[in-house]
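Subject: Structure for your study

Dear colleague,

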Amino acid sequence: MSEMSAAGEAPPPAPSHGMFARNATGLVRGVTPRSSLIINFIPGHPAQSLAAGFFFVFALFPGGNYLVGLLLVIPMGLAMSYAFGLLTAMIPRSGGDYMLVSRVIHPMVGLISSFCMTLAGLLSNAFFGIAFVTIGLAPGLQGIGLVGGWPTLVEWSADIQTKNWTIALGGLMMCLSALILAGGWGWTLRVQNILFWLVTGTLALSVLIALFTSHSTFISNFNDFAKSIGAGDNSYQNTIKTAQDAGVNTDPSFDWGNTIPVMGFFATFSIFSYWSTFIGGELRQASTMKTANNMAIAAVAGPLVVAVCAAIFFHTFGTPFMIAANGGGEVAIAPQYFSLVAASTGSSIIAIILFGGYILFWPLICYISFIQPTRMLFAYAFDGILPKFVTRLSGNGSPYVAVIITLVASFLTLWWAVEGSSFFQVLVYATLVQLIAMALVGLSAVLVPYTKPDLYRASTTKKTVAGIPVVSIAGAGAIATCVFIWVLYFHYPAQFFLEDKQKMFTIFGVTIALAIIYYFVAKAVRKSQGVDIDLAYAEIPPE
């Protein structure tokens, strides 16, 4: 499909013979702007942040204000969105940061960026596999079992939290994610959108039930529920007391100093709304402002929806209770929002519906994460620095070889993570190494008007502020965001699980070194085949 047919634009110049794997990628521009908006929203979906540590962070940083923190995250997300989005509109090809950085700065820097981004993706997939069990299946089975009076489910909830079960169930979830991606965009987007609305709908149901449940009613209902399962009288009050006895401040006053690290924690979930960049060659109207604006909408909508949901949950459940339940207090049921709502209603049907919708989030987010390495591998092979067979497509247009490689690599990373790292340490490592790649994309956005003026002049927007191109301003904001989060995490190493810095720097250093070695090896191999890859990287690949 040509750019003329997809977006009403002239196609780019034909590439030189032999530089790329073939004269066309075979990928189809099958992703509509609406579907790309959903793709960009999913990484920051409230179901993840609200269940995976949102309330826990207030026990770590007493007095941090979530509303201020979420509002401060929005400019960070916008900087990332416009840096990635405007560059993607200039270079509308699949491959994400690899394609952008290699064409704007240098191919070796593009490889460093993509190696870092891929390591982040594999670590994220491992996190999703672990989360699927520890904050997904386990609390869900426990909640349904306790509310419905099915002790077998409660036993299963404890049994599946062993290492072997976590690896097996997390691996199974990854297989489901790979199947979503392996069917071509017609199949993939139908499944994606169905899962998205099921997850979002059940979260909305949880919020509505909480909204129409008064605080006093929740306390009464929760205490009745806890008593019915043998947790004693006044369980709600006991949760707060046991946390206070353990040294948790459950009723702190506002603390600006602790709001900053709370904002940094929120950024872990909220600044990745650029995900459609990895399928730039498969987006409809990719060369228009819709690409960047869709990313920006997701960057703003995610934190705002989280803020609304959190405000309702804090009001109904009680701020001291939520801090205590997530900060070490003795609680009758896992303190995820869906479990607390189910316990309050006492309905096993509600418990099944809420848990059923929530658990679908993990294969959904894992599928989104799979997009990055699959398109990176495809782009490598298309550029001639991986074997050509990696570019093979199924009959419905899915790069199935790249999907299989990604699945195997993700499973091996899951195995390593379960055996050798803590739950949140995996997430922090993934965030920090991804920020390296994101900073390099930011640098590309700063430089592109000056180093690639022809590319910039042909772009969708050439707006300036005080004479500075908007894309450069967005890039500078993206770099500042990355530096800020790195500094913040290192300022609070214990809270962000960075006590073992040597381990992290070893992993990151080896990753960067391998990217540099890979570049020189690929350059030598391609030179022996009569191709100067530096000249190939000076061109935008065919569509």
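Predicted model: local features only at pLDDT ≥ 70, side-chain atom pairs only at ≥ 80, totals over all residues.

The nonpolar core

The largest nonpolar core comprises 182 residues. Within it, the residues with the most contacts are Leu50, Phe54, Phe266, Tyr274, Phe321, Trp362 and Met438. Helix α7, which covers residues 107-148, supplies the largest share of this core, namely 23 residues. If its neighbours within four places in sequence are left aside, Tyr274 is in contact with Asn40, Met80, Phe84, Met117, Met295, Gln434 and Met438. Met438, one of these partners, is itself on the list of core residues with the most contacts.

Two packed helices

Two packed helices are described by the angle between their axes and the distance between the axes. The axes of helix α11 (residues 215-228) and helix α12 (residues 235-245) come within 7 Å and cross at roughly 95°. An angle of 65 to 115 degrees counts as roughly perpendicular, and α11 and α12 are therefore roughly perpendicular to each other. On the side of α11, the contact is made by His215, Phe218, Ile219, Phe222, Asn223 and Ala226. On the side of α12, Ser235, Tyr236 and Gln237 take part. Of the residues in this contact, 5 are nonpolar, 4 are polar and none is charged.

Aromatic pairs

A pair of aromatic rings is described by the distance of the centres and the angle of the planes. The count for this model comes to 48 aromatic pairs. In one of them, the ring centres of Phe218 and Phe321 are 6.1 Å apart and the planes stand at 70°, so the pair is edge-to-face; the cut-off for this class is an angle over 60 degrees. Because Phe218 belongs to helix α11 and Phe321 to helix α15 (residues 319-326), the pair ties together parts that are 103 residues apart in sequence. Phe218 is buried, at 1% relative accessibility, and Phe321 is buried as well, at 0%.

A second pair is formed by Phe490 and Phe505, and this one is tilted, with 5.8 Å from centre to centre and 35° between the planes. Phe490 lies in helix α22 (residues 470-491) and Phe505 in helix α23 (residues 501-528), 15 residues apart. Phe490 has a relative accessible area of 23% and is partly exposed. Phe505 is also partly exposed, at 43%.

How many residues of helix α6 are buried? In this helix (residues 97-104), 8 of its 8 residues are buried. They are Asp97, Tyr98, Met99, Leu100, Val101, Ser102, Arg103 and Val104.

Thr118 is located in helix α7. With a relative accessible area of 12%, Thr118 is buried, since the cut-off for buried is under 20%. Apart from neighbours within four places in sequence, Thr118 is in contact with Gln372, Pro373 and Met376.

Thr268 is located in helix α13 (residues 256-270). Thr268 is likewise buried, at 9% relative accessibility. Not counting residues up to four places away in sequence, Thr268 touches Leu427, Thr431 and Tyr489.

Yours sincerely,
A colleague

How values were computed. Residues numbered from 1 in each chain as written. Heavy atoms only, no water. Core = buried A, V, L, I, M, F, W, Y, C linked by side-chain atoms within 4.5 Å. Buried < 20%, exposed > 50% of the residue type's maximum accessible area, 1.4 Å probe, protein only. Helix = DSSP H or I, 4+ residues; strand = E, 2+ residues; numbered from the N terminus. Contact = heavy atoms within 4.5 Å. Axes fitted to C-alpha atoms, helices over the stretch in contact; angles between N-to-C directions. Parallel < 35°, antiparallel > 145°, perpendicular 65-115°, else oblique. Nonpolar A, V, L, I, M, F, W, Y, C, P; charged D, E, K, R; others polar. Phe/Tyr/Trp six-rings, centres within 6.5 Å; stacked < 30°, edge-to-face > 60°.
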